[in-house]
Structure formats: C-alpha cells, structure tokens
Amino acid sequence: MMMKEQRKNYRFIAGIMAFLIVFYAGTSAGGPTATASESPSNHKRLAIIIDDVGNDMKGTAEILAMPVKLTVAVMPFLPTTKKDAIAAHEKGMDVIVHMPMEPKKGRPEWLGPGAITSSLTDEEVRSRVEKAIDDVPHAIGMNNHMGSKITSDKRIMSIVLDVCRERGLFFVDSRTNFRSVVGELAISKNMPPVGNDIFLDDQNSKQHIRKQLDLAAQRAIDKNICVVIGHVGHSGMNTSAVIRESVSRLQNQVQFVGIGDLVRDVWQWHSAPTLPTGNK
C-alpha cells in the first residue's frame, strides 16, 4: 500500500515539475507572460536627432538607411528639403523643422534662407516660422539651427513657440546657449520643455563621437531618457558610421526612439493644432 502511495506522489510531483518547465520555457521564449514592458531597454530611451538635413550633405543617405528610428531635423527652403523629409517619414523616422536662427557669433551665410534674426518685427517672425513649417513635409516639431542669440530672446521665442503650438508642433531646444529661455517659455505655454542633452559630434572624430554616444546611452540608463544631436555634413560620414556600428552594441541597453515618442510618453503632450496643418 505504501509503495502505491509513493508512486502516486512521485507521479504528482513529476506532473507539477513538467508543468513548471513548460511554463518557464514559454516565458523565456516570449510567451504570454512576457511583455514588452519587462524589457529594460523599454524604459531607457535614446532619441537621436540629426541636424542639417535638406541640402544633400555628406551622411544623409547613410542616416536615412539606419536600421533604428531616428529624428531628422530638416532645414527649410533648400534643394533636398522636401525629398529628405518625405524619405525620412516613409522610413518611419520623425521629421522636425531645423529652423535657422541668428547666433551670437558666426557667419550669416551659415544660417540659410528664411532665418529668424533679432531685427525682425513680430509679424515677420511669425511669417517666417509659418513658411518654414509649410516647407517641410510631415514635420511634427521644430528645433533651432544655431540660434544662440535668438533662443535667449523672450519676445522672439514666444512668437516662435506660439506658432508651433498653433500648428501642433513642439519645440526642441538645441541648447546652443546656456541662457536659453525656451524651457521656461514652453512650460508657461503648456508645451513640453524638451531639449538637447549631448552633442555627438562637436569634435569630428569617430573616437569622440563613440565616446559621446556611450555617454548618451549611460545617461538614458541612469535617467530613463536622453536626447542627443548629431549632424550630416562636415561630420556626417563619421557620425552615421558610429551610430550604425553602435546599434547592435547598445540596443539591448537602450531603446532608440523618435523625439515625438518621448514628447508623447514622457511629457504626455498631444498636438491640438488650431490652425491648418498643410505640411502633414
């Protein structure tokens, strides 16, 4: 009798163990109990913005061919503005307007057409921002090209942010001036105070860019999010090469997202345009 009871107990225990093996195997293979939210990288998000797109600069094709989601900041009124914006959108990337703005120092020809300068009237500022938005297809936001002088000017930046909000766009402060007023103005207008954390290619060498990208990934791990800016053009080939080679190394640590994903998820901001958005 005792032997029968023991065999019955053994069969019961074996059944339980078999169930547990199947259950945990299914979980580790991505079964129904494994959810995307359990992935560490899902909470550690890195948004890479690539500036100066729109003029067929070096590295543009390489950036548009990336296997992860990036954000391209497209300058208005340039030869490949529309082509690059449409191509980025079709590849699932976020598109923002790279708005030329007057710097404290620098050559005027670096600004490009349609720039915001301190000599403009309120009406002229509004008109130039409107036209720039209209010229960049699929734009969901804007950031500043140069602009160390303008981003510290409350009069002008208030108008820029008003137009963006009316058109359903957010504004990313590139942070070319530590005295920028963009963040405080954005908060006062119930807009997300999103800004750049790290420049990837302020020095044009793969070693430096790689170091900056690693710093950005670590910041995302430590603080859950990080926004970085790189460029096409002078550093375009090095920047695109480092990003591509770093994707497989970093994608298990951080999630590559568009800036629009951060704006929606972190700041809970959803566009509610009050003026027509003909560029969508």
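Predicted model: local features only at pLDDT ≥ 70, side-chain atom pairs only at ≥ 80, totals over all residues.

Which strands each supply at least two residues of the lining of the largest pocket? Select strand E1 (45-53) and strand E4 (139-146): they are the ones that do. A pocket here is an open set of points on a 1 Å grid over the protein atoms alone, where a 1.4 Å probe fits and protein lies on both sides within 12 Å along at least five of seven lines; lining residues have an atom within 4 Å of a point. Strands (E, at least two residues) and helices (H or I, at least four) are DSSP runs, numbered from the N terminus.

Residues are numbered from 1 along each chain as its sequence is written, and side-chain values use heavy atoms, with hydrogens and water left out.

**Stop 1: the pocket**

Stay with E4, which gives the most to the lining of the largest pocket: three residues. Now select Asp 52, His 98, His 145, Met 146 and His 231, which lie nearest the pocket's centre among its 23 lining residues. The space in there comes to about 680 Å³, a volume being the space filled by probe spheres set on grid points that are joined across faces, edges and corners. Colour the lining by class and you'll get seven nonpolar, 11 polar and five charged residues. For that colouring, Ala, Val, Leu, Ile, Met, Phe, Trp, Tyr, Cys and Pro count as nonpolar, Asp, Glu, Lys and Arg as charged, and the others, Gly among them, as polar.

**Stop 2: the whole chain**

Zoom out. You're looking at nine helices and eight strands. Of the 280 residues, 49% are buried, meaning under 20% relative accessible area, with exposed being over 50% and partly exposed in between (1.4 Å probe, protein chains only).

**Stop 3: the core**

Next, select Ile 48 and Val 160. They have the most contacts inside the largest nonpolar core, which has 59 residues. Such a core is a set of buried Ala, Val, Leu, Ile, Met, Phe, Trp, Tyr and Cys residues joined through side-chain atoms within 4.5 Å. Helix H5 (residues 154-167) brings the largest share of this core, seven residues. There is also a second, separate core of 15 residues, including Ala 73, Val 172, Val 257 and Val 263.

Show the neighbours of Ile 48: leaving aside residues up to four places away in sequence, this residue touches Leu 70, Thr 71, Leu 200, Leu 213, Val 228, Ile 243, Phe 256 and Val 257.

Hop to Thr 71, in strand E2 (residues 71-74). Thr 71 has a relative accessible area of 0%, so it counts as buried. Beyond four places in sequence, its contacts include Ile 49, Asp 94 and Gly 258. Try the distance tool from Thr 71 to Ile 96: 25 residues apart in sequence, they sit 7.3 Å apart, C-alpha to C-alpha.

**Stop 4: two helices**

Select H5. Is this helix mostly covered or mostly uncovered? Mostly covered, with 11 of its 14 residues buried. Those buried residues pack against strand E3 (94-101), helix H4 (122-135), E4, E5 and H6.

Now pick helix H8 (residues 236-250). Its buried residues include Thr 239, Ile 243 and Val 247, and their cover includes E1, helix H7 (206-223) and strand E7 (225-231).

**Stop 5: the loops**

Select Arg 175, in the loop between strand E5 (170-172) and helix H6 (182-188). Arg 175 has a positive phi of about 60 degrees although it is not a glycine, and is partly exposed at 41%. Asn 224, in the loop between H7 and E7, has a positive phi of about 80 degrees, again without being a glycine.

Finish at Pro 113, in the loop between E3 and H4. Setting aside residues up to four places away in sequence, Pro 113 touches Pro 76, Phe 77, Leu 78 and Pro 100.

Key. Contact = heavy atoms within 4.5 Å.
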